[in-house]
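Subject: Structure handover

Hello,

Here is the structure we talked about handing over. My notes on what was found in it follow below.

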Amino acid sequence: MSVPAQRAPVAAYQATERVRIGRGAGNDIALADLAVSRRHAELRRVGDAYEVVDLGSSNGIFHNGQRVPRARLTPGDRISIGRHQLIFDGQRLHEFVDTGPVSLAAQDLTVQVGKTVLLDDVSFTLRQGALLAVVGPSGCGKSTLVKAVTGLRPATLGQVQYDGRDLYDNYAELRYRIGMVPQDDVLHRQLTVRRALRYAAALRFADDVPRRERWKRVDEVIHTLDLDGRAKQRIDTLSGGQRKRVSVALELLTEPSLLFLDEPTSGLDPSLDKEVMQELRELADRGRTVVVVTHNVLHLDLCDRVLVMCLGGRMGYFGPPSELLSFFQAKDYADVFTKVTDEGEKWARIFRDSEHYRRYVSEPAAELAQAAAQRAAAPAPTYAPPPAVAPVPPPAPAQAADDAPDVNPTATFTVPPAATSPQPAPPGPAPQVAPPAYPVPPPSAPHQTHPAGAPLGSLPLRARARHPSAPIRQYFTLCLRMLSVIISDRGYALFLLGLPLALALLTHAVPGEFGLAAPPPTVRVSLEAQRLLVVLVVGAAFLGIAVSIREIVNESSIYRRERAAGLLPAAYLASKLTVLGLINIIQVILFVYLSVLGRGGPSQSLVLKPPMVEITVVVALVAITSTVMGLAISALVRTSEQTTPILVVLVMAQLVLSGGLFELQGEKVLQVISTIAPTRWGFAAGASTVDMQKLVPFLKDSLWDPTPSAWWRSVLVMLGQIAILVVAARIAMRRLEPGRQ
Ligand SMILES: Nc1ncnc2c1ncn2[C@@H]1O[C@H](COP(=O)(O)OP(=O)(O)OP(=O)(O)O)[C@@H](O)[C@H]1O
């Protein structure tokens, strides 16, 4: 098995006072990549040194694997922009292009949780375009291995080399080139196949990809996975196998160089195994490196390599499938499973000492190390200019760069413009580049085809897909997707609408005819307004928590996957707040107006007019505060089943602590605790509006003064609670970060 050969830079550029890097032909370094913004970055001289600065590009710049706004350069530094890498040698930038096929090497991976070893010293190397199946008994560490190799949960010890680069060190940059199909479905089942994929494409592709191009790519993957006839079907009506294919299609949107699948056929009809395996074989043949964790061993012959894991997270075998049975001296795969389950330690030891280990693990690893050493000692990265080089025109003013036409994405390279250099180079073919005094970093292919020779999809689109799009675009896409999911799920949409109607109906059980208005002087005491207000604020708390408490936990798998693919948590949380806030407002309007229907609203208001608006605003604030509380809890719990008891306790607590049920004035402890309950402040603001102190003179509460300042104080406290809870929800969401599972 070969490791990637040293690859050559495709161009070199002299560092000058100011070198503009971007997609437009008016740049000094014009990168043929639509992932690159027109005016993407600049190399600037600062005294004797140079720095690279992001000019506000949508996809950013990565300095030695980390996204940065600007960075001071030292010789040997790598700047990655889109699929291009520029290596700085102190005087020049050498350009390399990553076009797809990559190798993968896991070296001595060990995962430990406390004193428990989940993965024990696992190593393997895969060439580009290889298909690896990981098999083994349940609990032997297959998923742990996948998480370690994809960087989702990095190994405690050991390294993963993505085409010769350390994955963990360069995770921020490389994670966009890795596709992962987890065990759980990561799609909204309420959406149709095409719609779900279109939203995924909008989230994963960069901002400047036109919608028509995104949609074209969606149709391409639908076709590739033979889902044309299912494109308009809701995902929850698909068979298990079809659903898995949609999950694979989702990952293929961005044409990742590495594709991982964690038990793609678990729980499916066994006949689907072969189909899925054949599809994976085809994907590998088209240049992708594919790793599949599977329980099914019937079609292992389609793979290039099989990794058998023993209980205890040890390697029992790594090599071609054809030699597996003979290695274990087994009649069939069931026999192999029995051996690695019952005698895992023994077989792990036998494999360590075997010829197979030497041939398929040690030697390829040594080859890789040797190739890396050769690269380090390589004399010079040279590149041959193509026969016809079109020199870039002299630099245009900054504005002109915007208007300049895109560089042809198929062009191999460009030559730096003479006029930007203090020592202008003559136009024409670029000279050979002098040897740089630094180890040339590995991979990047100057060619744009995979080994089989067929093009690797639409490269510009693929390249653009690897970095997150801007937050605003993500935010709007997520809002639209959430609305689509709710509207597509008619039952849920009706529930959301029916809930305030049902609550309003219940409110009419409160006896009385004056509603929130003051009763006529003939009525000495009326408890109606107090009771109504309690029902309104507690009902609003229920509406808010009920709508949000399952929202994040129910889609935590989707969130995790999307997060690894570049989703921004702030955009995600903001979209939830927006859509749920909108739902809160609609529900509260229905709830409040229907509750006082036939009775009457407050007689007068303190701040907002008419008085009903003042009450509605207060009740809506209680609902929104409770919604954010629900979101924070939803990010904290592990299963949606845990949310039901929490919902009940929270609503009960809001009732008790509202201050409307009984007097809190003398209850010191309760009074303090009640300050964190949104209903306490919602009831207080409402009580100020309706002048509760006058309506129920025997109930005392210092928060109920019928003054604008008392009303504002309650409202501001609720706004403060919202702000604190948003921060709490964001912190709670960290639990769902890749690498924290
Ligand atoms: N965070 C953790 N803390 C402690 N133990 C863990 C943790 N994650 C996994 N394990 C344990 O590590 C072992 C390997 O788990 P893993 O999920 O990798 O197995 P698997 O081979 O993928 O199993 P299956 O085939 O059943 O999916 C199991 O015994 C599991 O209980």
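Where does UniProt place the feature "transmembrane region"? The unreviewed UniProt entry gives residues 491-510, 530-549, 570-595, 615-637, 644-662 and 710-733. Please keep in mind that this is a predicted model.

Two of these spans can be described further. Residues 710-733 are 96% helix and 0% strand, and the C-alpha atoms at the ends of the span lie 35 Å apart. For residues 644-662 the span is 74% helix, again with 0% strand, and the end C-alpha atoms are 26 Å apart.

Next, the ligand. The residues around the ligand are V113, T116, L118, G136, S138, G139, C140, G141, K142, S143 and T144. Sorted by class, this shell holds 7 polar, 3 nonpolar and 1 charged residues. At least two residues each come from strand 13 (116-126) and helix 1 (142-150). Helix 1 gives the largest share, 3 residues.

Last, the nonpolar cores. The largest one has 167 residues, and L197, A249, L533, V537 and V619 have the most contacts inside it. Helix 15 (residues 528-548) contributes the largest share of this core, 15 residues. Apart from this core lies another one of 24 residues, which includes A12, I29, A41 and I79.

Returning to L197 in the largest core: leaving out residues up to four places away in sequence, L197 touches V218, V221, I222, A249, L250 and L253.

Regards

Terms used. Residues are numbered from 1 along each chain as its sequence is written. This is a predicted model: local features need pLDDT of at least 70, side-chain atom pairs count only at pLDDT 80 or more; totals for chains, interfaces and linings use all residues. A residue is near a molecule or strand if its C-beta atom, placed from the backbone, lies within 6 Å of it. Helices (H or I, at least four residues) and strands (E, at least two) are DSSP runs, numbered from the N terminus. Ala, Val, Leu, Ile, Met, Phe, Trp, Tyr, Cys and Pro count as nonpolar, Asp, Glu, Lys and Arg as charged, and the others, Gly among them, as polar. UniProt positions are given in the numbering used here, feature names are shortened, and annotations may be inferred rather than shown by experiment. A nonpolar core is a set of buried Ala, Val, Leu, Ile, Met, Phe, Trp, Tyr and Cys residues joined through C-beta atoms within 7 Å. A residue is buried if 20 or more other C-beta atoms lie within 10 Å of its own, exposed if 12 or fewer, and partly exposed in between; C-beta atoms are placed from the backbone. Two residues are in contact if their C-beta atoms, placed from the backbone, lie within 7 Å.
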